[in-house]
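Thanks for coming, everyone. I'd like to walk you through one structure today. Please have a look at it first.

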Amino acid sequence: MSISINDVARVAGVSKSTVSRVVAGGAVSAEVRARVEAAISQTGYRPNLQARRLRSQRSGIIAVIVADIRNPFFTALIGAVEAVAYQQELRVMLCNTDEDPAREALYLQMMQEERISGLIFAPTRTTVGRLERMQWDAPTVLVDRAPAAGRHDSVVIDNRAAMTELVTHLLAQGYRRIGGLFGSTSTTATERRDGYLAAMQAHGLAPDYREVEPTAEAAIAATGPWLARADRPQALVTSNNLLLMGALKAARAAGLSIPDQLALAGFDNERWTELVEPGISVVEQPVEEMGRAAMSLLLERMKSPELPVRRLVMSARCVLRGSTRPAR
């Protein structure tokens with residue numbers, strides 16, 4: 001029995017156009033999206049996109065699946081990928097998972113059926129764990145988030161070393177109660193958390209950290225009560241720029257002076273981090289270089305599928321500003 005989009009619409013209690021919008025990644029409410037995705041799972045529906053072209057052909061499309069389009073890191077990454085794809089006369093299809101493994105799985109299925117020519121993928125932590133078991137035949141490069149070993153090429157930075165260097169700098173500046181705020185959905189954040197733990201333990205200090213959704217809103221919600229404690233951190237490090245922004249907003253709402261009452265540091269050298277006063281110390285990632293390198297690996301893999309798996313680990317650098325100077 002063939003399952004159609006009408007069947008999904010009936011089970012979900014929505015219109016056919018709404019189902020199409022969800023499948024295409026369009027804007028719908030979270031409640032409607034959840035109902036439609038549940039109906040897709042229940043019915044076993046699969047969009048028949050392959051009927052649009054011969055099965056033996058690839059589409060000339062490079063899919064880019066990222067975790068959060070609102071994160072400037074991914075925006076810059078996509079720009080670098082698109083620039084190289086344009087030079088190669090390849091089209092780019094962008095999917096934003098919003099850190100949702102179910103949405104991510106749907107996009108992967110769609111890309112398989114689209115017969116994409118290649119994929120650049122920043123997976124959630126959930127998907128990284130099962131990636132090796134997936135039936136996936138398109139050339140793929142994992143970027144920013146990847147296991148230490150696997151069957152796909154990858155481009156990453158040494159996250160553990162970068163965070164260790166940042167915390168070590170704070171220790172050298174005289175801070176001892178250093179808190180950490182880390183995302184809960186990616187291997188990248190886990191590696192940065194491990195770097196924080198390593199630096200604290202190496203100096204015999206007790207770690208104090210939180211793992212939250214990697215958004216500014218989650219950072220504000222978690223940091224506000226934390227900073228209200230009598231034993232609040234003297235310094236705070238974060239695992240991405242959205243958490244850094246949220247932590248700064250929470251510190252200002254609490255009336256804390258930076259760095260005299262709270263030193264602050266994080267990842268990604270966004271323009272705003274040098275425009276605020278004092279400027280914020282950050283780990284600067286070579287994001288555009290990462291995007292170009294990912295496309296280079298992908299083009300090589302598309303041309304020569306038999307190549308051995310490559311893992312490119314890039315270095316990041318600490319940009320130190322006034323937010324981590326010794327407190328008066």
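Helix α8 gives the largest share of the lining of the largest cavity, with three residues. This is a predicted model, so keep that in mind throughout. Two elements give two or more residues to that lining: α4, residues 72-87, and α8, residues 187-202. In total, 20 residues line the largest cavity. Nearest its centre are Asn 71, Arg 145, Ser 186, Arg 192 and Asn 240.

How much space is in there? The largest cavity has a volume of about 190 Å³. The lining of the largest cavity has nine polar residues, six charged ones and five nonpolar ones.

Where does it sit? For that we need the domains. The chain is divided into three: domain 1 is 5-56, domain 2 is 61-157 plus 287-315, and domain 3 is 159-285.

The largest pocket contains about 350 Å³ of space. It is lined by 14 residues. Closest to the centre of the pocket are Arg 46, Ala 105, Leu 106, Leu 108 and Gln 109.

Which elements build the pocket lining? Those giving two or more residues are α3, residues 30-43, and α5, residues 101-114. Helix α5 gives the most, with six residues. The lining of the largest pocket divides into seven nonpolar, five polar and two charged residues.

And why is this pocket placed between domain 1 and domain 2? Both domains give residues to its lining, so it lies between them. As for domain 1 and domain 3, their C-alpha centres lie 40 Å apart.

Let's go to the start of the chain. Two packed helices are described by the angle between their axes and the distance between the axes. Here, helix α1, residues 5-12, packs with helix α2, residues 16-23. The angle is about 100°, and the axes are 8 Å apart. Angles of 65 to 115 degrees count as roughly perpendicular. That makes α1 roughly perpendicular to α2.

Which residues make the contact? From α1 come Ile 5, Asn 6, Val 8 and Ala 9. From α2 come Lys 16, Val 19 and Ser 20. By class, the contact of α1 with α2 has four nonpolar residues, two polar and one charged.

Last topic: the backbone. Most residues other than glycine have a negative phi, and most peptide bonds are trans. With that in mind, here are some spots to look at.

Start with Ile 258 and Pro 259. A cis peptide bond joins them, with omega about 5°. Pro 259 is in the loop between α10, residues 241-253, and β9, residues 263-267.

Then take Glu 277 and Pro 278. A cis peptide bond joins this pair too, and omega is about -5°. Pro 278 is in the loop between α11, residues 271-275, and β10, residues 281-284.

Finally, Glu 89. Its phi is near 60°, a positive value in a residue other than glycine. Glu 89 lies in the loop between α4 and β2, and β2 covers residues 91-96. Recall that α4 also gives two or more residues to the lining of the largest cavity.

That's my tour. Questions are welcome.

Methods:
Residues numbered from 1 in each chain as written. Predicted model: local features only at pLDDT ≥ 70, side-chain atom pairs only at ≥ 80, totals over all residues. Heavy atoms only, no water. 1 Å grid on protein atoms, 1.4 Å probe; cavity = no way out; pocket = protein on both sides within 12 Å on 5 of 7 lines; lining within 4 Å. Points joined across faces, edges and corners; volume = space filled by probe spheres on them. Helix = DSSP H or I, 4+ residues; strand = E, 2+ residues; numbered from the N terminus. Nonpolar A, V, L, I, M, F, W, Y, C, P; charged D, E, K, R; others polar. Domains from an automatic or database assignment. Axes fitted to C-alpha atoms, helices over the stretch in contact; angles between N-to-C directions. Parallel < 35°, antiparallel > 145°, perpendicular 65-115°, else oblique. Contact = heavy atoms within 4.5 Å.
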